[in-house]
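Please view the sequence and structure alongside the points below.

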Amino acid sequence: MPEGHTLRKLADDLSAAFAGRRVRVSSPQGRFAADAEQVDGSRFVGADSAGKHLFVELEDQRFIHVHLGLIGRFDVHTGLGEGTAGVPDPVGAVRLRLVSVAPDGPRGTSYADLRGAIVCDLIGPERRASVLARLGPDPLRADADPDLAWRRISRSQRPIGDLLMDQAVLAGVGNVYRAEVLFRHRVHPLRSGETLRVGQWRAMWADLVGLMAEGVRTGRIDTVRPEHTPEAMGRAPREDDHGGEVYVYRRTSLPCLVCGSIIKTGELVGRNVFWCPRCQPKFRSRAVQSPPRNTGTSRGARP
DNA sequence: GATTTATGGCCAG
DNA sequence: TGGCCCTAAATCT
């Protein structure tokens, strides 16, 4: 589930459910129990995200720092009516549970369950600041400066597919957005950062800003342009656990939606990476300046 | 029932 | 680079 858009949406959902209310904080699974006890019953100030990090702010500048890692989930449930009678017993390994206690008001009771997170720590403002200091610009933050990322990308011989996943270069992009933004800009994942042009980077950044903002709204990752949607192409929608419509992510051995070439996969710094060998040539070439286009006369773009 | 996989990231060597 | 951490669902034998 978690790339930056997931954490931003989660922060928004948590704030909507709990901001200004007192919360019961518990750890049914036990690992967060000692910390939970310290802040149980305190007031929930708000939640915010930075890259893939989530900070739940409680009164007195106490923060619960959450990182979902690869498999974590934080499920928020609202509108249960008055009182805690409708809150179900925890299912599975619930590391952290928040339950609203007062004031109930028109929002009713809310609860949220955290499972599988790689980080769930009670921290202060100093620790929060040090986490933030290690992150590159986040496309979901209006004040983010893409030039900070460009300075590192343009000086690096590392593959762009690696740099895009490096949270110190830019924060919030994960394996899906990486694969998709590279496809949309016809850049091969193994191209070294220093071979990119600044205009290319700016276009990729602007694209990430739009795609990820859309992801926050919908809770899924959709990256195909209108002409490549299932409806426009008359193809079956994706049946997949993440649900979004994408060009290359986990489409190994399937035909490219644009040119029909077979999507390739490989490994880059321990993660699967996906690309179209025709739309994303490995080296800068005429093909990059005059990309293959689906004119309908050459290769069909059938599923 | 056991193994694999997943939108991450840390650490040691 | 490999190992490890977290959990649940999908995919094997």
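**DNA surroundings, sheet and helices**

Around DNA strand B there are 18 residues, of which Gly69, Leu70, Gly174, Asn175 and His242 come nearest. The model is predicted.

DNA strand B
- By class, the surface near DNA strand B has six nonpolar, eight polar and four charged residues.
- At least two residues of the surface near DNA strand B come from α6 (175-184), and at least two from β10 (271-275).

DNA strand C
- The residues surrounding DNA strand C include Gln29, Gly69, Leu70, Ile71, Arg95, Arg115 and Asp241.
- The surface near DNA strand C divides into four nonpolar, four polar and three charged residues.

Annotated domain
- An unreviewed UniProt entry places the feature "domain: FPG-type" at residues 247-281.
- Residues 247-281 are 0% helix and 29% strand, with the end C-alpha atoms 16 Å apart.

Sheet
- An open sheet is formed by four strands in the order β2-β3-β4-β8, with antiparallel pairing.
- The edges are β2 (44-50) and β8 (119-123), each with a single partner strand, so each has one side without a neighbour in the sheet.
- On average, neighbouring strands of this sheet are turned by 15° against each other, direction ignored.
- Strands β3 (residues 53-58) and β4 (residues 62-67) run antiparallel and are joined by six bridges.
- Glutamate 57 stands opposite phenylalanine 63 in β4.

Helices across the sheet
- Helix α1 (residues 4-18) lies across β2 and β3 and runs at about 170° to β2.
- Helix α3 (residues 125-133) lies across β2, β3, β4 and β8, at about 35° to β4.

Note on methods: Residues are numbered from 1 along each chain as its sequence is written. Chains are lettered from A and ligands numbered from 1 in the order in which they are written. This is a predicted model: local features need pLDDT of at least 70, side-chain atom pairs count only at pLDDT 80 or more; totals for chains, interfaces and linings use all residues. A residue is near a molecule or strand if its C-beta atom, placed from the backbone, lies within 6 Å of it. Ala, Val, Leu, Ile, Met, Phe, Trp, Tyr, Cys and Pro count as nonpolar, Asp, Glu, Lys and Arg as charged, and the others, Gly among them, as polar. UniProt positions are given in the numbering used here, feature names are shortened, and annotations may be inferred rather than shown by experiment. Two strands pair if DSSP finds at least two bridges between them. Axes are lines fitted to C-alpha atoms, for helices over the stretch in contact, and angles run from 0 to 180 degrees between N-to-C directions. Two residues are in contact if their C-beta atoms, placed from the backbone, lie within 7 Å.
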